[in-house]
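Subject: Structure for your review

Dear colleague,

Please find below the structure that I am handing over to you. My notes on it come directly after.

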Amino acid sequence: MRVAVVGGGPGGLYFAALAKRLDPAREITVWERNAADDTFGFGVVFSDETLDAIADADPVVAAAMEAGFARWSDIDIHYRGVVQTSGGHGFAAIERKRLLQLLRDRCAGLGVDVRFSTPAPEVGELRREYDLVVAADGVNSAVRAAYAEVFRPALDERSCRYMWLATDRALDAFTFVVRETGFGPVQVHAYPFDSGRSTFIVELPEETWRAGGFRESGDLPPGRSDEEGVARCAALLEDFLDGHRLLTNNSRWVRFTTVRNATWRHGNVVLLGDAAHTAHFSIGSGTKLAMEDAQALAAALETGEVEQALARYEAERRPVVESTQRAAQASLEWFETIGHAVGQEPEQFAFNLLTRSRRVTYDNLRLRDPGYVAGLDRWFGGQDAPPLFQPFRLGESVLRNRVVSAPIALYRAEDGVVGAAELVHLAGKALGGSGLVLAGMTAVSATGRVTRACAGLYADEHVAAWRRVTDAVHEHSGALIGVQLNHSGRKGATEVPSTGSLGGPLPDGWPAVAPSPLAYAGLPVPRELTERDLGVLVEEFAAAASRADAAGFDVLELQAGHGFLLSTFLSPLTNHRADRFGGDLEGRLSFPLAVLDAVRAVWRKPLLVRVSAVDWAPGGTTPEDAVRIAAAFAEHGADGIDVSSGEVVPHERPAYGRGYQTPFAARIRAATGVPTIAVGGISGYDDANSVLLAGRADLVGVGRAHLYDPSWTLHAAADLDYTGPGAPWPAIHAAGSTKPPTASRNGSRPGEHARRGRSPGR
């Protein structure tokens, strides 16, 4: 096999060495346009997991790398004059120049033809003359550009500016420095790479960079650094540098570009490393990913013909890379918007930073450094308890813990009257340990129902039915119980859905209403509401709130999200009115605020408002709008904001994922100071604890996970060995408060050793 490698960076050289080692008969040529001693950057960081894989793939390379490593296990966060340290992480770094030298030596020893200061031939020529062409030519890959119509690259240039530097201060931990300046926050990502030097990346959000008067580095020749920019960085970070110098190597202000490709292969051409993908430096190095690609590609070539091998390589690596990119995206967005976290106490800020990518979590840190997390628990609420089980004051009421059973529509009511289904559902969640259980989608009028089977609070007979439910919750648990008041708006008069969140139109339904005559998907066009109609609706919401009080509810939630009536007033996609209830955001807020004012006048207990923070559609509600909406609701008496998203227009494109709505809750909380509930994609107590301790929300809404396990909260407490007042077992279930015994796994099943072909003693 003849193999052409375009690009002599770590990924290209490492692949060449592995492929040659696996089959010495291969003819492998590497082209590198730069000279052998040209190298940009300083240190390269690796995790222990990656190093184990390198040792398995080529012990010679692993041993040479080991001799040059700087190792550490701590992460230090310097913020507001305090250093927070989390231990037990396990990293190693090596000087990039040294890494390249040892890979060049390995290639030479194996007989790889490496040609420095030599541009590669045109890729079409390489395709014809070689069996395999590996494009390891970096983020600006010429090979990728030549076949852009096949690879279909997506290049996402981010807003932060950063400069890659080093310092002659030898650090002993992976170090983050966050400085608050008069023009905004400045952050540093730093780590040691030998006994006397450390990589030192200075990063500024776009707003900071511009407000601080920083200038573009300009059209500097290769190898020339932006000395003016470097001098300003040194002055800003003088106290941390403590007399040490900043070192340069082609150091200039740049923006990070996230690279994604629809495919990594085209015939006998394959992309590797930064040519195929990039991940923000805040969660690791691109060199690490490139060397992992090299391992996977070399292994795949051992298992079949070239095209099949390349397909196998991409199938194996793409899910891993995309997972890394998702974590990197969360991390880079956190640093882009770091202003929302600046202002937190040092303890919370440090934990927020550590868990920003969602790969490092509360439980993960608890395993690595129990003392660090135990100290955070005590700081969080003054108790030796995980955040999930610490109390929270909502208005004038106190929740026993931070778990909210999210409102779920059951579609079991008759003429709005609830029965056994609602009792069993809500009491089950309360007995299962939740601090607050919310009854879902309860209509304020008969024509405000989504379906005929929706619960209601629009008639006096509804009060007694609900009272049976609230009395049971209060008698048998310590949970608070709330109800979500809703008007269907343009989503009214539909069938009970068999799948999804909304059924088709009722054949004999009632007329739907909305701020504007805009239909939702295949539903009938709603009637546009008049000002007189709006006055009636305000009265209906207030009357329903009074009935909720009489029914014994402790908490009220107004549904102003998910495309129901109040939500459609807020979104510019669904409110096209030309009167005072439409237009700009202030106008679109007018009717929802009138409803809130009327409800607040008759409801003295805790009051929540659920919002869709974004519409996930062009021209719709934005996170900036959501902050203003939440602030307005808080000003008019809301005690908290339940932060969801979407379901406003059918053409939405949500970015679903783990905890995907939590950043909106965090942003609203940071910008307004109003308590928030994080919902959506939170199914495990580990994520819940992480959200709370990082200050991204004050409460956590659990929906589908509670359907799977109504005792989710109590089981979380058992798994965390917590037995305090935040998760008491109800008296009627007290006998089940300890885990049942399980079969011992100390011994083996009969016949197990025989099936494995070995004796029990081996």
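Predicted model: local features only at pLDDT ≥ 70, side-chain atom pairs only at ≥ 80, totals over all residues.

Aromatic pairs

A pair of aromatic rings is described by the distance of the centres and the angle of the planes. The count of such pairs comes to 27. In one of them, the rings of W72 and F91 have centres 5.8 Å apart and planes at 25°; because stacked pairs are those with planes under 30 degrees apart, this pair is stacked. The two residues come from distant parts of the chain, W72 from strand β4 (residues 70-72) and F91 from strand β7 (residues 91-95), 19 residues apart. W72 and F91 are both buried.

F91 also pairs with F174, and here the arrangement is tilted, with 5.5 Å from centre to centre and 55° between the planes. Since F91 belongs to strand β7 and F174 to strand β11 (residues 174-181), this pair ties together parts that are 83 residues apart in sequence. F174 has a relative accessible area of 10% and is therefore buried.

The charged end of R2 sits over the ring of Y130, at 4.2 Å from the ring centre. Likewise, K491 places its charged end over the ring of Y520, 4.7 Å from the centre.

Salt bridges

Side chains of opposite charge can pair when their charged atoms come close. Across the whole structure, the search finds 41 salt bridges. I describe three of them here.

R26 forms a salt bridge with E302, and the closest N and O atoms are 2.7 Å apart. R26 is in the loop between α1 (10-22) and β2 (27-31), while E302 is in the loop between α11 (286-300) and α12 (306-336), so the bridge ties together parts that are 276 residues apart in sequence. The two partners are assigned to separate accessibility classes: R26, at 4% relative accessibility, counts as buried, whereas E302, at 40%, counts as partly exposed.

E206 and R161 meet through their side chains in a salt bridge of 3.1 Å, N to O. This bridge links distant parts of the chain, with E206 in helix α8 (residues 206-211) and R161 in strand β10 (residues 153-167), 45 residues apart. Both E206 and R161 are buried. They also take part in a network of salt bridges that links R161, E206, R210, E216 and R255.

A further salt bridge joins the side chains of R317 and E292, at 3.5 Å, N to O. R317 lies in helix α12 and E292 in helix α11, so the pair ties together parts that are 25 residues apart in sequence. R317 is buried, with a relative accessible area of 5%, and E292 is buried as well, with 13%.

Cysteines

How many disulfides does a search of the whole structure find? It finds zero. C160, for example, is in no disulfide: the nearest cysteine sulfur, that of C233, is 13 Å away. C160 is buried, with a relative accessible area of 4%. C107 is also buried, with a relative accessible area of 0%.

Helix α16

Helix α16 (residues 420-431) has twelve residues, which at 1.5 Å a residue should span 16 Å; its end C-alpha atoms are 16 Å apart, which agrees. Within α16, the residues E422, L423, H425, L426, A427, K429, A430 and L431 are buried. The buried residues of this helix pack against β20 (403-408), β21, α17, β22 (480-486), α24 (704-708) and α25 (712-719). After α16 comes G433, whose phi is positive, near 110°.

Residue S445

Is S445 buried or exposed? At 6% relative accessibility, S445 counts as buried, because the cut-off for that class is under 20%. Leaving aside residues up to four places away in sequence, S445 touches Y458, H487 and E540.

Yours sincerely

Terms used:
Residues numbered from 1 in each chain as written. Heavy atoms only, no water. Buried < 20%, exposed > 50% of the residue type's maximum accessible area, 1.4 Å probe, protein only. Contact = heavy atoms within 4.5 Å. Disulfide = S-S within 2.5 Å. Phe/Tyr/Trp six-rings, centres within 6.5 Å; stacked < 30°, edge-to-face > 60°. Helix = DSSP H or I, 4+ residues; strand = E, 2+ residues; numbered from the N terminus. Lys NZ or Arg CZ within 6 Å of the ring centre and 35° of its normal. Expected span 1.5 Å × (residues − 1). Salt bridge = Lys/Arg side-chain N within 4 Å of Asp/Glu carboxyl O.
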